[in-house]
Amino acid sequence: MNQNTIKVDVCVIGAGASGLAVAEMAVQIGMDVALIEKERLGGAFLNSVCLPKTGLFEAAKVANTSRHADRFGFEYNEHAVDIRAVKKGIEESIRRIEPHYSAGRFEALGVRIYEGEARFIDDHHIQLKEDVINAKYIVIATGAVPDIPDIDGIKSDKVLTPYNIHKLHETPRHLIVLGGQGVALELAQSYRRLGSRVTLITENTIMPDTDFEIAGMINEALSGEGIKINENSRVSSVKHKLDRLVDDGVQYNDDNVTVVFETQNREVREVGGSHLLVCADESPEITCLDLMNAGVDVEGKSIKTSQDLRTSQKHIFVVGNAGLGPGYMHVSAYEAHIVLKNMLLRKRLEVDYSQMPRVVFTDPEFAAVGMTDEQARTKYGRKINVSVSKLRDNDRAVVMKQEAGMIKVITHKNGQILGCSILAAQAGELISIWVLALSQNLKIRDMPSVLAAYPTLSDVSQRAGGMSLKSSLSGFWTRLLIRLLQKFPG
Ligand SMILES: Cc1cc2nc3c(=O)[nH]c(=O)nc-3n(C[C@H](O)[C@H](O)[C@H](O)COP(=O)(O)OP(=O)(O)OC[C@H]3O[C@@H](n4cnc5c(N)ncnc54)[C@H](O)[C@@H]3O)c2cc1C
């Protein structure tokens with residue numbers, strides 16, 4: 001076989017959000033870049049997870065809003081949900097977004113795109129179908145695959161995961177969800193609103209790393225919509241009835257899958273459903289890469305990676321879900337910056353994810369940046385202030401009839417902003433000002449100068465900022481100083 005060797009500066013393996021970000025930045029600074037993708041450009045966020053899930057969420061929100069239209073004086077008539085039409089609408093949105101991540105656009109930028117599954121021949125050579133790519137630097141951006149927990153009777157080809165649920169073209173009669181993190185809650189709520197019965201079973205409390213009070217409010221909101229949430233419950237076995245699963249056009253009955261679990265009171269329960277969705281951990285997609293040929297060290301299921309995103313081979317980097325980051329789309333551009341600076345400069349730049357915003361697209365939405373109340377207390381003890389402002393005190397939220405939620409701002413007694421958690425409609429938008437505050441190291445006294453228009457939800461941030469400032473000024477010495485200044489004016 002005639003093999004073509006192509007020499008480039010950088011070879012990026014995987015064209016999801018992370019690989020595309022590295023390829024775009026590298027080519028823009030004049031590097032010769034090869035980008036290899038075995039399936040579709042755009043990867044998981046475009047084709048299977050983020051956008052399909054967000055589209056589903058928006059459709060489900062409309063269903064919910066119309067169900068509660070009477071709050072605004074409209075008579076509500078039950079509408080049947082046409083899930084195929086919902087899916088078509090989502091597909092149309094994705095097709096509108098897709099050109100930005102297309103081969104055409106990247107080729108026009110100067111990136112050389114290759115189709116196929118890449119594997120290492122050695123630490124500078126990558127084997128493709130007929131071609132060999134010889135690269136000075138290599139970036140592994142191959143994403144992740146969902147883990148299926150080791151539960152008695154569970155069959156991985158008969159369960160839904162966050163990666164394949166977009167293929168489902170029916171509304172499950174009864175969806176059983178295993179898991180209690182953000183994605184599990186988002187999908188549970190969307191399907192509930194589209195008409196499914198939903199039972200959620202999680203080993204821990206829901207969103208265990210989140211502010212405790214806010215996680216409780218999310219639990220309340222979801223339970224209030226009819227989702228049966230079983231926290232601190234352990235699944236002991238799963239029984240599948242049929243051989244098929246994802247989208248074969250069959251309306252499954254409630255006995256298609258049976259889950260046996262032990263509740264927090266040690267009661268053994270059995271629940272039957274039409275579909276089982278498993279939202280567990282993920283592992284990097286590295287099995288086909290032949291990493292040992294390149295001398296890249298692996299630890300368990302992951303690539304050994306240092307904080308500067310280098311593997312054990314200094315010229316081979318790893319980014320995105322294949323690496324050590326928190327697995328968000330918005331991490332891609334940040335990591336691409338770090339990788340390129342580490343390739344080109346003599347400095348050793350390390351990643352710091354502590355100021356990355358985190359959003360969970362439930363309704364109400366959850367967003368946070370920096371430390372939670374509990375984390376700050378563990379680190380600084382009593383030297384912190386926590387200010388809470390409730391959505392019910394925000395005029396816009398009242399008019400929108402979306403009063404559930406709160407904002408919590410955590411500051412050090414010296415005025416340093418340590419973190420913020422928000423539960424509110426559009427919390428993902430509201431968090432931006434706090435991301436800016438943390439990234440610019442602003443003090444709480446700087447916040448009241450950022451005016452929020454009236455009536456907006458942003459006013460909730462201003463109110464919390466104001467309260468936080470007030471409590472930082474209410475210390476004994478500050479009060480004494482103010483009293484002295486009043487005594488001796490001018
Ligand atoms: C259900 C779900 C919802 C999410 N929602 C959000 C959200 O709302 N907001 C957010 O910020 N993040 C969200 N995320 C995370 C986000 O999707 C990921 O952070 C992002 O997709 C990671 O991109 P990536 O490039 O690392 O991996 P991927 O997008 O998985 O891309 C990896 C690419 O590499 C290719 N590949 C793999 N092996 C090879 C090989 N050997 N040769 C060639 N190509 C290969 C794959 O085909 C794939 O296209 C969500 C994730 C999930 C699972």
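This is a predicted model: local features need pLDDT of at least 70, side-chain atom pairs count only at pLDDT 80 or more; totals for chains, interfaces and linings use all residues.
**View 1. Residues around the ligand.**
The shell around the ligand holds 35 residues, of which Gly14, Gly16, Gly43, Gly143 and Gly320 come nearest. At least two residues of this shell come from each of helix H1 (17-28), strand S2 (33-37), helix H2 (43-47) and helix H3 (50-67). Sorted by class, the shell has 18 nonpolar, 11 polar and six charged residues.

Strands of a sheet pair through backbone hydrogen bonds, either parallel or antiparallel. Strand S8 (residues 174-178) and strand S9 (residues 197-201) run parallel and are joined by five bridges. Within this pair, Val177 has Leu200 in S9 as its bridge partner.

**View 2. Packing of helix H1 with helix H9.**
The axes of H1 and helix H9 (residues 331-344) are 8 Å apart, and the two helices pack at an angle of about 45 degrees. Because of this angle, H1 counts as oblique to H9. The crossing of H1 past H9 is right-handed. On the H1 side, the contact includes Ala17, Ala21 and Met25, and on the H9 side it includes Ala333, Glu335 and Leu340. The contact of H1 with H9 is made up of nine nonpolar, three polar and one charged residues.

Methods
Residues are numbered from 1 along each chain as its sequence is written. A residue is near a molecule or strand if its C-beta atom, placed from the backbone, lies within 6 Å of it. Helices (H or I, at least four residues) and strands (E, at least two) are DSSP runs, numbered from the N terminus. Ala, Val, Leu, Ile, Met, Phe, Trp, Tyr, Cys and Pro count as nonpolar, Asp, Glu, Lys and Arg as charged, and the others, Gly among them, as polar. Two strands pair if DSSP finds at least two bridges between them. Axes are lines fitted to C-alpha atoms, for helices over the stretch in contact, and angles run from 0 to 180 degrees between N-to-C directions. Angles under 35 degrees count as roughly parallel, over 145 as roughly antiparallel, 65 to 115 as roughly perpendicular and the rest as oblique. A crossing is left-handed if the near helix is turned anticlockwise from the far one by less than a right angle, and right-handed if clockwise. Two residues are in contact if their C-beta atoms, placed from the backbone, lie within 7 Å.
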